[in-house]
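Reader: I'm new to this one and would like to learn how to read its features. Could you walk me through them?

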Amino acid sequence: MEEVIQEAKSKVLNSKRLVALTGAGISAESGVPTFRGKDGIWQRHRVTDLATPEAFAKDPKLVWEFYNWRRNLISKVTYNPAHKALVALEKIALHFALITQNIDDLHRKAGSKNLIELHGNIWWVCCSRCRFKAEDRRVSIPFPPVCPECGGMLRPNVVWFGESLDMTILNNAVKEAERAETFLVIGTSAVVQPAASLIGIAKKNGAFLIEINLEPTEVSSISDISIREKAAKILPRLT
Ligand code: NAD
Ligand code: ZN
């Protein structure tokens with residue numbers, strides 16, 4: 001284990017283009033539940049009821065209650081040593097990019113700068129009818145939230161299951177993955193597409209893959225190094 005960590009550290013510190021992809025696992029130790037882990041959110045709520053455009057069309061109040069519950073939870077937690085380690089690596093690396101699937105804003109709160117949020121941000125709302133978008137940090141948004149531009153219903157500015165990602169954001173992430181020399185994959189089950197495909201793209205373009213996850217995942221077999229440990233324990237040791 002010690003040797004593997006040292007090898008990972010040397011790759012991370014000597015790489016000219018360092019890119020990280022994070023998932024819900026990096027925020028687990030901050031107290032934000034993951035989707036698929038043992039205490040995953042969806043064991044208490046069915047994803048199909050809450051995080052899809054169909055659910056919002058059918059019962060927007062229920063979907064807003066769920067997001068207000070998540071806003072409340074996220075407002076009470078903060079970043080952990082894993083988020084902080086990525087901030088430190090951004091300062092050390094010649095080029096660094098952080099691609100996240102998380103919507104919890106904890107990377108920004110920790111101080112990460114070159115951040116690509118693939119699935120949006122829970123503290124932003126957007127209109128379900130027009131192009132209006134705004135930051136709204138209220139912990140609980142009264143129902144129904146109305147668009148100031150067109151009177152349509154506002155929704156969380158996050159990507160739901162079955163929805164497409166913003167093309168500009170995805171293209172930026174693909175470019176980073178293609179050019180990465182070392183690619184860190186942290187706390188993601190690597191099953192949500194197209195986010196997970198970035199890992200294969202990085203690998204195909206010659207990146208050295210380092211995975212940090214409590215469990216084996218879809219991409220463990222293509223990883224050059226797989227560390228089965230908590231992100232908050234390992235990442236600070238790579239800085
Ligand atoms: P996931 O729930 O599918 O997988 C979480 C992964 O993290 C698992 O593989 C698990 O083994 C690992 N893990 C758990 N604790 C860990 C720790 N302490 N250290 C290292 N690894 C740990 O999450 P995902 O892959 O990000 O996928 C799914 C979707 O979930 C994304 O679309 C994302 O937007 C959404 N999501 C976001 C949040 C958040 O913003 N914090 C929370 C839940 C889900
Ligand atoms: Zn509108």
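**Reading the model, feature by feature**

Author: Let's start with one residue: Cys130 is partly exposed, with a relative accessible area of 29%. Buried means under 20% and exposed over 50%, with partly exposed in between (1.4 Å probe, protein chains only). This is a predicted model, where local features need pLDDT of at least 70 and side-chain atom pairs pLDDT 80 or more, while totals for chains, interfaces and linings use all residues. Residues are numbered from 1 along each chain as written, chains are lettered from A and ligands numbered from 1 in written order, and side-chain values use heavy atoms, leaving out hydrogens and water.

Reader: And Cys147, is that buried or exposed?

Author: Cys147 is buried, at 3% relative accessible area.

Reader: Which residues coordinate the zinc ion (ligand 2)?

Author: Look for donors, meaning N, O and S atoms within 2.8 Å of the metal (3.2 Å for Na, K and Ca); water is not among the atoms, so sites may look incomplete. Here the SG atoms of Cys127, Cys130, Cys147 and Cys150 coordinate the zinc ion (ligand 2) at 2.2 to 2.3 Å. Along the chain these donors follow the spacing C-x2-C-x16-C-x2-C. Cys130 sits in the loop between strand 4 (120-127) and strand 5 (133-135), and Cys147 in the loop between strand 5 and strand 6 (154-158), so the pair ties together parts that are 17 residues apart in sequence. Strands (E, at least two residues) and helices (H or I, at least four) are DSSP runs numbered from the N terminus.

Reader: What is the geometry of the site of the zinc ion (ligand 2)?

Author: The site is tetrahedral, with angles of 101 to 113° among the four donor atoms; the label needs four donors with all angles between 85 and 135 degrees.

Reader: In what order do the strands of the open sheet of three strands run?

Author: The order is 5-4-6, with antiparallel pairing; two strands pair if DSSP finds at least two bridges between them. Strand 5 and strand 6 stand at the edges with a single partner strand each, so one side of each has no neighbour in the sheet.

Reader: Which strands does strand 1 pair with?

Author: Strand 1 runs parallel to strand 2, joined by six bridges, and pairs in the parallel sense with strand 7 over five bridges. Leu21 shows both sides: its bridge partner in strand 2 is Ile99, and in strand 7 Val185 stands opposite Leu21. Five of the six residues in strand 1 are buried.

Reader: Which residues touch the most other members of the largest nonpolar core?

Author: Leu86, Leu184, Ile186, Leu235 and Leu238 do, out of 26 residues. A nonpolar core is a set of buried Ala, Val, Leu, Ile, Met, Phe, Trp, Tyr and Cys residues joined through side-chain atoms within 4.5 Å. Helix 6 (81-92) is one of the elements supplying at least two residues of this core, and its four residues are the largest share. Apart from this core lies another, of 24 residues, among them Tyr67, Ile103, Val125 and Trp160.

Reader: Where is the place of Pro144?

Author: Pro144 is in the loop between strand 5 and strand 6. A cis peptide bond joins Phe143 to Pro144, with omega about -5°. Another cis bond runs from Gln193 to Pro194, with omega near 0°.

Notes. Four donors count as tetrahedral if all angles lie between 85 and 135 degrees; four count as square planar and six as octahedral if opposite donors are over 155 degrees apart and all others between 65 and 115; anything else is irregular.
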